[in-house]
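Here are my notes on the model you sent over. Have it open next to you as you read.

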Amino acid sequence: MASIALTASSFSPSLRSRSSSTRSQPLLHYIPSTSLYFNSLTLKRNRFITSPLISSNPKNLSLVKASSSVASASVTPAPVPPKPSQGAAIKPLLASIATGVILWFVPVPAGVSRNAWQLLAIFLGTIVGIITQPLPLGAVAILGLGVSVLTKTLPFAAAFSGFGDPIPWLICFAFFFAKGFIKTGLGNRVAYQFVSLFGSSSLGLGYSLVFSEALLAPAIPSVSARAGGIFLPLVKSLCVACGSNVGDGTEEKLGSWLMLTCFQTSVISSAMFLTAMAANPLCATLTLNSINQTIGWLDWAKAAIVPGVVSLVLVPLILYVIYPPTLKSSPDAPKLAREKLQLMGPMTGHEKIMTATLLLTVGLWVFGGVLNIDAVTAAILGLSVLLVTGVVTWKECLGEGVAWDTLTWFAALIAMAGYLNKYGLISWFSQTVVKFVGGLGLSWQLSFGILVLLYFYSHYFFASGAAHIGAMFTAFLSVATALGTPPFFGAIVLSFLSNLMGGLTHYGIGSAPVFFGANYVPLAKWWGYGFLISIVNIIIWLGLGGVWWKFIGLW
């Protein structure tokens, strides 16, 4: 930046008669304070700024004009860039609309009501919009609900019934917990502790989180609570501590791989224990009602332990190869983390409150069944403590746009998926599949394999594991049994898959919107890697798991 301070002798004879000691001083220095507001003639970024004193002298004014004309002649002002559009991206929007319109006018199959088919068209159009993102996810979901109400496919109360479901709110509250966890510095403190112990490599850090979550899984029956209340704040803090932030191009330094790894392994740990996911007892209940056999806690854990542990080991490693973090090894990180901990000093008052609140909330999640307190009620209690003590303010909660956006689109999908089931579309689909597979005349192993794949990948149409289980579990188990599959074996395999299928999308299980909402992984990659890991899990659980289940006498 160039700056020219003109001297007093440059302009006025009266000023030139002053002492020679002042002759070289800038004008601003020579007359420090007058009512004329004297200023230097300053050349700055090729622009001239004149003061009243300079402008009052015609000679000086002509000098300035001449100089200014030279400067303006040599510099062409840069064109003002156009403002980016604030509306929808046209091509993705058209793709979403076209999907819905085409399916809307396809002839309705026999056995399906017109309302159910129209809702399917709206649902699939919304899903395409969520994938292509012509607008933010919440806005796309609101458009989908609006179309369903406008076309009388759903009444208003039904369209917005998902906002009365506890799971979206539990996920929303989890983001507020994460805010307090990071704001107080507790997140950094815990993150530095992890780094000091396991941080010499990103893979070691990932495994420490994966097996920590698996150890908590049997005690906390809500995967949403585990992911959102405990591990999302910790993972976000670790990413920030390692210099991996959202929006500045450093997402893939560590955060992208770590978020995706923690999500994919959360569905594995949920499949390993009867009490690790809220819908698992529903599988056990439906099994008892269908085949009059009980899946006990030990039965479930014994059957799942071998394929589960193998998946927990292999999935992070596979993701590390196909979606690697750029930060792989940091031998100095543990030492630096210990130094950071020393600089942080003892825990502050807000850190202590945050710690106590987390312990209270987690305790209620663990013992909530005994105390008759569900997961979302425990989260509300914990958030109330944070608000009353000022650890988190309501203004900060309102500023958590990702939390409200996630609440909106997840609740919308839950409502639409729920009414697809209520309108009979899911039962029609199940019966159609059952008739098709049953008529192929295959061995029970091949028939069960086809049923498993159809059951697994139909989860793209569900925003809840419980909804999928309630709609399809009994029908598929009954058909599998009728085709010769050992009943208990069929029931327990379908139970495991009812968890693993949650890894397909960003809405398929309670932990999905939590980790996806952190915005470290683009939606296309989330779905793409979700599909690849689903293949890995099916091979491990049906291949290695099948051998293990043969060994323990399940078939």
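1. Start with the inside. The largest nonpolar core holds 159 residues, and Leu209, Trp365, Leu413, Phe515 and Trp541 have the most contacts within it. (Such a core is a set of buried Ala, Val, Leu, Ile, Met, Phe, Trp, Tyr and Cys residues joined through side-chain atoms within 4.5 Å.) Helix α20 (residues 401-422) is the top contributor, giving eleven residues to this core. Helices here are DSSP runs of H or I, at least four residues, numbered from the N terminus.

2. A word on the numbers. This is a predicted model, in which local features need pLDDT of at least 70 and side-chain atom pairs count only at pLDDT 80 or more, while totals for chains, interfaces and linings use all residues. Residues are numbered from 1 along each chain as its sequence is written, and side-chain values use heavy atoms, with hydrogens and water left out.

3. What does leucine 413 touch, beyond its neighbours within four places in sequence? Leucine 413 is in contact (heavy atoms within 4.5 Å) with Phe123, Thr126, Ile127, Ile130, Ala463 and Tyr507.

4. Now the rings. There are 30 aromatic pairs, counting rings of Phe, Tyr and Trp (its six-membered ring) with centres within 6.5 Å; planes under 30 degrees apart are stacked, over 60 edge-to-face, and the rest tilted. Phenylalanine 448 and phenylalanine 489 make a tilted pair, 5.7 Å centre to centre with 50° between the planes. Because phenylalanine 448 lies in helix α22 (residues 444-457) and phenylalanine 489 in helix α24 (residues 487-500), the pair ties together parts 41 residues apart in sequence. Phenylalanine 448 is buried at 5% relative accessible area, and phenylalanine 489 is buried at 7%. (Buried is under 20%, exposed over 50%, partly exposed in between, with a 1.4 Å probe and protein chains only.) Ring pairs also link both into a cluster with Trp300, Trp444, Phe496, Trp541, Trp549 and Trp555.

5. On to charges. The whole structure has four salt bridges, meaning a side-chain nitrogen of Lys or Arg within 4 Å of a carboxyl oxygen of Asp or Glu. One of them joins lysine 183 to glutamate 396, with the closest N and O atoms 3.0 Å apart. Lysine 183 sits in helix α9 (residues 166-183) and glutamate 396 in helix α19 (residues 394-398), 213 residues apart.

6. Buried or exposed: which describes arginine 226 and glutamate 213? Both are buried, and they form a salt bridge with closest N and O atoms 2.7 Å apart.

How values were computed
Helices (H or I, at least four residues) and strands (E, at least two) are DSSP runs, numbered from the N terminus.
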